[in-house]
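This report describes the pockets and the salt bridges of one protein structure. Please view the sequence and the model first.

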Amino acid sequence: MTVSKISTEPHAQGEIEVFRLANAAGAYVDVCNIGAGVTAVVVPDREGRMADVALGYRDYADYVGDGACFGKTPGRFANRIAGGRFTLDGKEYRLAVNNGPNHLHGGPTGFANRLWQGETTGDGVAFTRTSPDGEEGYPGTLTARIAYTWDDDCCLTVLLEAACDAPTIVNLTNHSYWNLAGENAGSVLGHELRLRASRWLPTDETLIPTGELAGVAGTPMDFRTSKPLGRDIRADFPALRYGKGYDNCWAVDDWRADEETTVAELYDPKSGRRLSVRSTQLGVQVYTGNWLAGSPLSKSGRPYADYDGVAIECQGFPDAPNRPDFPSAELRPGEAYRRTIRFRFDVR
């Protein structure tokens, strides 16, 4: 395993840094200090041909301020908070409204559009940043650390950690978009997805959960048996109309705090590449790239189209700060926030 810094370039916030983690077979992952994000994952297909399966941009500076949040770490709170407000210990906090009537991914800048401090760790790369009290409206100073490791089995491990000096809320994830045929291959609607989830979170038309955990049986939300992403995506079903495709959270079956479990499996029949996802997170948001058109130029020099990638975001439940019946997103001094996500690539 080799870990090296492969690129630096100046930016208004500081210096953009890109690191490469390469294994013995030549498969590699690039990670960048913009949003502590993943900018490339190059792995073989069933014939041994290498391709980059992570969507991304030609110019690194385009990762700052992109609406799609390619590969990055949204925060402090990934996903949506209703009305951009929540109450903690009897005090109401107001956040930016940046997604219709709601707050999304930590606000207009959030964690995803800032330069983190990166360093090699021997077997990987770690990014850290301290978010001051009041940043984007969130209470307390929060220090976050995102660590990446890559191994000879083509498994990318993401460790998400945080600590605070005053009560706050936190929900971190990785927001990579995958196309297992290659980032320039077009639509992923032929990819087959399986989820370890028999319940999902219905939402209102603004994609805020209603509070119900509904069974998937008999609905287009049923991925307990692997099926193509596009099989039901045009169904006349409220969730699919609201999001122009899948943009929903599922509750992971048999979830237990601090225990890692299989969450999802994504497979591309054409290339034979398979992505297996394991995590300690209780939920998984699946977003089929319904609004990718208009993004900056891709690594291949063309604009992406809607549905060119799928994000599998292991995280806590959306709007949890306003839902006392959901598992809590609160973090208090002396507590440690620690979550793991593993993306393992192989072929069949």
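## The largest pocket

The largest pocket has a volume of about 680 Å³. The model is predicted: local features need pLDDT of at least 70 and side-chain atom pairs count only at pLDDT 80 or more, while totals for chains, interfaces and linings use all residues. Residues are numbered from 1 along each chain as its sequence is written, and side-chain values use heavy atoms, with hydrogens and water left out.

On a 1 Å grid over the protein atoms alone, a pocket is an open set of points where a 1.4 Å probe fits, with protein on both sides within 12 Å along at least five of seven lines; lining residues have an atom within 4 Å of a point. Grid points are joined across faces, edges and corners, and a volume is the space filled by probe spheres set on the points.

The lining of the largest pocket comprises 37 residues, and Gly67, Arg80, Asn99, Leu104 and His105 lie nearest the centre. Helix 1 (238-243) and strand 23 (283-287) each contribute at least two lining residues; helices (H or I, at least four residues) and strands (E, at least two) are DSSP runs numbered from the N terminus. By class, this lining has 15 nonpolar, 16 polar and six charged residues, where Ala, Val, Leu, Ile, Met, Phe, Trp, Tyr, Cys and Pro count as nonpolar, Asp, Glu, Lys and Arg as charged, and the others, Gly among them, as polar.

## The second largest pocket

The second largest pocket has a volume of about 370 Å³. Of its 22 lining residues, Leu282, Ser328, Ala329, Tyr337 and Arg339 are the closest to its centre. Strand 26 gives the most to this lining, with three residues. The lining has 12 nonpolar, five polar and five charged residues.

## Salt bridges

The whole structure holds 28 salt bridges, each being a side-chain nitrogen of Lys or Arg within 4 Å of a carboxyl oxygen of Asp or Glu. In one of them, the closest N and O atoms of Asp66 and Lys72 are 2.6 Å apart. Both residues are buried, where buried means under 20% relative accessible area, exposed over 50% and partly exposed in between (1.4 Å probe, protein chains only).

Arg338 pairs with Glu161, again with 2.6 Å between the closest N and O atoms. Because Arg338 lies in strand 26 and Glu161 in strand 13 (residues 155-164), this pair ties together parts that are 177 residues apart in sequence. Arg338 is partly exposed at 46% relative accessible area, whereas Glu161, at 19%, counts as buried.
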